[in-house]
Amino acid sequence: MSRNVSKSPEVVGCPGDVQDEVCVVCFRPVEVYSVGECDHPVCYECSTRMRVLCARNECPICRKEMSKVVFTREVIPFVSIQTRNMHYERRYAIFFENEGVMRAYDFLLEHRCKACDDMPVFRNFTQLKDHMRKYHERFYCELCVDHLKVPTFQMRICDYNALRKHFRTDHYLCEEGDCQEERFTSVFRTKLDLQAHCTQNHSQNMTKQAARQARTVDIEFTLNPRPQDSHRQEERGGRGSRGGRGRGGRGGRAFFRCPIHNFIKTG
Ligand SMILES: [Zn+2]
Ligand SMILES: [Zn+2]
Ligand SMILES: [Zn+2]
Ligand SMILES: [Zn+2]
Ligand SMILES: [Zn+2]
């Protein structure tokens, strides 16, 4: 893969440059290209991720809808590609230059254990996940798995300590009370989810007043009242004017203190 027609001459560099081409989407060296009508090659991994896992067929560069693409080791203009005798994946409208390229695509979508020497294949992700846990004590982050839509082999696996650290830094982890012992279920994708969880599960530890305040905060946050609604807050005891909420103007940001965790949240 020494040449790539998509690059302008000044970018290609000096002759004899043997560096692998890099995918413009993921910045990794490209082994197999995906080419469509608009002739914007990306790597087959990015293309597979888009078409198969995200069900989106547009070109990631120009957004043109690509009714079909060809996976090939050499970048050549799309119009000159003869697809007639190629293997074809009908469901995702992908042609494969040859069997090797098709195997690479299959490999990408398999659920293989990276930690075993022989990299066994599992029928589905759940089986692989169970195997990881039982035999390697390694874990996937379920929130990321649901959200990121990447091929299984690209997903991060880690031991429990690293997973917990990841929960803390990249998601919203509750470590109140019993939740400290919870290994997987006390982590949330959004602040709002965490807050709802706290109100529901930890309010027995609060004083009645704090609990009522937590519920009120919850309601106010959800309704997100406009300034002209502020007299209603006063009827409820004027909390709004005492800085429970910031006055951020029209539908402004909500600032409030979580009564359980005692930290400031912004909405
Ligand atoms: Zn890529
Ligand atoms: Zn394009
Ligand atoms: Zn294994
Ligand atoms: Zn995650
Ligand atoms: Zn909790």
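Which residues of α2 are buried? I opened my notebook with that one, keeping in mind that this is a predicted model.

**Entry 1, helix α2.** I went through the helix and found Y44, E45, S47, T48, R49, M50 and R51 to be its buried residues. That is 7 of the 10 residues in the run 44-53, so α2 is largely enclosed by the rest of the structure. Next I looked up what does the covering: β1 (33-36), β2 (42-43), β3 (69-72), β5 (94-96) and α3 (99-109) are included. I also checked what comes after the helix, and there A55 follows α2 with a positive phi, near 55°.

**Entry 2, the sheet.** I noted an open sheet of 5 strands with mixed pairing, in the order β2-β1-β3-β5-β4. Its edge strands are β2 and β4 (87-89), since each pairs on one side only. I then picked out β1 and β3, which run antiparallel to each other and are joined over 4 bridges. For a residue-level handle, I followed V35 to its bridge partner in β3, V70.

Setting aside neighbours within four places in sequence, I listed C174 and F188 as the contacts of H197.

Conventions. Residues are numbered from 1 along each chain as its sequence is written. Chains are lettered from A and ligands numbered from 1 in the order in which they are written. This is a predicted model: local features need pLDDT of at least 70, side-chain atom pairs count only at pLDDT 80 or more; totals for chains, interfaces and linings use all residues. Two residues are in contact if their C-beta atoms, placed from the backbone, lie within 7 Å. A residue is buried if 20 or more other C-beta atoms lie within 10 Å of its own, exposed if 12 or fewer, and partly exposed in between; C-beta atoms are placed from the backbone. Two strands pair if DSSP finds at least two bridges between them.
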